[in-house]
Structures are given as structure tokens and as C-alpha cells.
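Hello,

Here is the structure I promised to pass on. Please open it first, then read my notes below.

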Amino acid sequence: MKVPEHEHPLDLINLEEKYAHDGEESESDDDDVNNDLAIVESFRCRCQRCGLEITRYHKSYYKCSSDSCDYSLHKFCAELPPTLRHTSHSAHPLILYKRICQDGYVGWWRVEGNDSWETGVDRGNYEWRCGICRQDHHELLDLCYQCTQCNLKVDINCVMTATEFIIHHPSHTHPLVPITRPILCVCDACGKKHQGVFYHCTTSCTNFCIHSDCVSLPKKLTLEQATNGVFPHTHPLTLSYSFPIEDQGEKSYPKCRICDSRFGETTTLWIYKCDKCWFYTHVACATSKDLPKTHKNFKDADYSDLLNLPFPYENMLKHIGFKENGSQSTKDEGNLTLALTHWSHQHPLILVDTECSDITKPSSSSSRRKSVHNPMKKIELLCNGCVRPITSIPFYMCADEGESCNFALHEWCTRLPDQVQNHPGHPQHTLLLRPKGPNETLGVFRCDVCGLHCNGFAYSCVECGYHTDVICAFIPEKIRHDAHPNHLLWITALGPSERSCRSCSFDLNENNYSFSCRDCDFGLHVGCALFLPQTIRHRFDKHP
């Protein structure tokens, strides 16, 4: 198709075919999670004739055939007749004109007809007013219908019928038509007040009205891009047109992960949700233009020893160097001891340095096989020191002939120092390493840093009754976390606070300490920051 005001021919684009598979879930079992991040961008552009947006819900539109040009028209705008009779001015026909600049003069040019300036039309007038809606127009390149006898001008929107602007949006059962004159109204999609063009239902839902920006929201988006890097999330989010109370109840009434408020009774408002995890956010929060882009508030060179959390599936102690302490070597091979006696256990410990190793007892030729922790195969192997899974070799385990002794230690947990001085939670006394907590029978104690219960090794001040697990005994002053990557998180002693942990959503002040950002309202429980691994395996799902 060719239109007179554009130099290139136009092609008709079928939007229904182009976006037929938008939003469909992939059935692929590919373990590469990066494949899930392929995002289908939402289509939106502006019609060069009427000035309104073209969305995928218009079903088709005309686009310039040249790849270097983005000229676009609504299908009905491109097919405007050169002359028409309109009920608003039945006495004379209305003729389609375009306003152009030629030889330094601005004037009206008849779209179809002779190739000269029309007599009786304005020259050099940049502003004109529609004789029906009384709206002023200022654009240099414009189209309108004119009566040359009465000097009446009518804009494109007023001569087109409402049905020609109709869209079919999946959020509503009835067709929607635009209110072409900008209005100030509350949008039924996002719940916010907007000024601009709205689409409303004229069938029976007289109160249903959504802003043009919400009409064009993408079916899928990446939160990090949408919020300028302020709120990252691994998976793409999918647009949902409601969040019923029943669904909220099944998910334990979640909070918006951006504004931290509950969704409540506003069940008809649209949300973005993650199809892979319990992550929900208001549409207005996920697409807010007011969120500033976070800039890094530290230099990597200044913090070379900074811990970057979360770890893949490893203990924090692995990343802190220890001198050999509290153990006695029986044979050395390189830097590792093949067998040792440890102060915390009555039997010798044997090095396991091969997956599914055969462990031979010192006093017998019998052996048994031992594998690392693997929930996929229902194999459980926990370290008796830090009580965290042993997921990699090498490690030490009991070499006693009795099959009932499953004592095991991470290699680095055999080198824990026997005391910790100047602990940030108890600097006045030295904390001593003990094989059990204050409860000598079961050895269960509550860590005074993370607030979690533990039955592994403890660093204790018996005089004050202060106890920490071995991880919290070496708690760093500051960390970097992928949940808040551009800002440092500092260990903070908590007082009265209404903030909640961005991981588990429970109040931060339930424990004595948190990792908090000094530049914004972000905090994590110590346990959520240090103990949650980056990936886990579960026997009910083959994917990590």
C-alpha cells in the first residue's frame, strides 16, 4: 500500500500471527535455566496519522517496508477515504488534507487530487482546532478533513466511528474502545490515577476503564530491566489479570516483593507473578518509572576479601582460612592428612578424597562405601561440626569398625580455631570452641546471632551464657548479596523495627542481628543471608 505523505510503500502486518505463541510455557526439560529467560517483548508503536498507539490487540497494522524506517499506521487510518460525508456536517463533503512545509511555507495539501495548494485553506498557521471536539492541534505534519466552503476542520478521531478503534484485550470479555480525549481517571488494571487516553467497555461494564499504558503491558518481563536494576529476579514474570483471595490463601497471603504490602481485597488488579517460584508484585510496582537506578556504592578493589553470597551449595567456613588446630596427623599426603584424631570424637577419622570411596578401618580389612550428601539418591551426610551438608570431597569420617558411627566433618571444620576473640556480639569475653552446646545431653542450643537452633559445635562464653554456631562465630562485618548486588550489606544489631526480611518476609527484629543496607530499606536475616545456598537439589524434582 502507498500513502501520499510517506515515500515508501507500506506492508500489512498481521499481529495475531506474529504473537500467536506469546506467553505460552515451554515444555522443554532443558536444565539450562538461561533458556527460560527468552522474553517476548510486547508490541506498541504510535500511528503517524491519528497519534494514538498501535498495540498487538488491534490485530493488524501497516508498517513501512523499509527496515530503516519505523513509519506505522492503524489499518483503518491507512485506509481513510479521500472524501466522505459526515453527520456533523451533512451540507458539504469533507476532503482529506495533510499539512506540510514546502519552500518555507506551511499549508494544507489535498491528499488525492491536483498537486497544488488549495485555495481557501490556511497558509502559515501552525495551530488549528477541530470543529467537533474543539481540541487544538500543534503538530507540523498532520491530517484532517476539511470543508473548503465553510473552513471547517475535523480531526481524524472525530470522523472515525468508535468501532473502528476497537481492541480485543484478553483481560476483558467485551471489546474496548478508546476515550480519545485525554482524561484523568483511576485505571482498573493497576489501581493508579493516570491522565491520558483510556480504553473502556461500552457493552455492560460501564465502570471498566484501563489506561493505554496498561493495555500495552508485556505478557512477560524481566524485573531487573523493568526496575532499572533495583529489584533483580532470576526468572521472567508473567502478567496475570487478577489475584483471587482463594489463590492468595493457597500461597499464604504473600506480599508484593517490591512495596512489601499485601494484595488484600483488590483481587481484580493485575499482577506480575513468577511461574517458577512464589514471587508476586503489583503491576504498578513492576513497571514504575520512578525507581532510580542503583549505582554501586563500593569499589571491588577496596573490598578484595568481601564475601559474595549466596554460595552454590557450600559452607561459608570454606571461604575463611584456618590454621590447623586441634588435630593430630598420622600420615601426610600433600597438604591433607589421610588419618587424624580429633578432639571432638573418640575414634580416628579417615580422609575421604574420592566420590563413593571405600573406607577401610585401621584394624580390619573390611570396608564400607560412603558418598557425599545427595538428596536425589536419598543420601544424607551432615557435618557434625557446622551441621551443614557435606556436598563435596574431601571430608573426614569416623573409621570405627562399628557401622553405627556416622560422625563426619568437612575438611575445613577439622581446622577450626579453639577460640574467637572480639566477636562483634560479645567482644568483652573470648568464645571457646566446644563439641556441644550448653545442653550436654542433646547438645541443642539457640545461636545468639542468627537465632536458629543447632546441635553442632559451639563457640561459647559459659560465664555469660552466650553461644554461637561455628558459622556465626566468624560472621563477616559486611557482605555482598545477589539479592541486592550494588550495595554493601552490613551486620546490624537490631532494635525496634517494622522492616521485614526480603527473603522470608518475617520481621527482622525477631533475631538479634541482620545484614542491612545503609543506603536503602533492604535487610536480610543472618540465617537467610548465610545459610541459604544458591542452588539445591530435591528428590521430587530432577532440576536444580
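K75 is partly exposed, with a relative accessible area of 30%. (Buried means under 20% relative accessible area, exposed over 50%, and partly exposed in between, with a 1.4 Å probe and protein chains only.) The side chain of K75 meets that of E79 in a salt bridge, 3.2 Å from N to O. A salt bridge here is a side-chain nitrogen of Lys or Arg within 4 Å of a carboxyl oxygen of Asp or Glu. E79 is partly exposed too, at 37% relative accessibility.

Before I go on, the ground rules. This is a predicted model, in which local features need pLDDT of at least 70 and side-chain atom pairs count only at pLDDT 80 or more, while totals for chains, interfaces and linings use all residues. Residues are numbered from 1 along each chain as its sequence is written, and side-chain values use heavy atoms, with hydrogens and water left out.

**Salt bridges**

How many salt bridges does the structure hold? There are five. The pair of K75 and E79 is one of them. Another joins E411 and R415, at 2.9 Å from N to O. E411 is buried, with a relative accessible area of 14%. R415 counts as partly exposed at 21%. R480 and D482 form a further one, their closest N and O atoms being 2.7 Å apart. R480 counts as buried at 16% relative accessibility, and D482 is partly exposed at 34%.

**Cysteines**

The structure holds zero disulfides. The test is a pair of cysteine sulfur atoms within 2.5 Å. For C190, the nearest cysteine sulfur is that of C214, 3.8 Å away, and C190 is in no disulfide. C214 is in no disulfide either; its nearest cysteine sulfur, that of C187, is 3.7 Å away. Buried or exposed? C190 is buried, with a relative accessible area of 10%. C214 also counts as buried, at 5%.

**A four-stranded sheet**

Look next at an open sheet with the strand order β28-β29-β32-β33 and antiparallel pairing. Helices (H or I, at least four residues) and strands (E, at least two) are DSSP runs, numbered from the N terminus. Two strands pair if DSSP finds at least two bridges between them. β28 and β33 (466–469) stand at the edges. Each has a single partner strand, so one side of each is left without a neighbour in the sheet. β28 and β29 pair in the antiparallel sense over two bridges. Q419 stands opposite L432 in β29.

**Backbone points to check**

Most residues other than glycine have a negative phi, and most peptide bonds are trans. Here are some departures from that.

- N422 is not a glycine, yet has a positive phi of about 55 degrees. N422 lies in the loop between β28 (419–420) and β29 (431–434). N422 is exposed, with a relative accessible area of 61%.
- K378 has a positive phi, near 60 degrees. K378 sits in the loop between β25 and β26. K378 is exposed, at 66% relative accessible area.
- A cis peptide bond joins I393 and P394, with omega about 0 degrees. P394 is in the loop between β25 (367–370) and β26 (395–398).
- L309 and P310 are also joined by a cis peptide bond, with omega about -5 degrees. P310 is found in the loop between β20 (307–309) and β21 (327–333).

Best wishes
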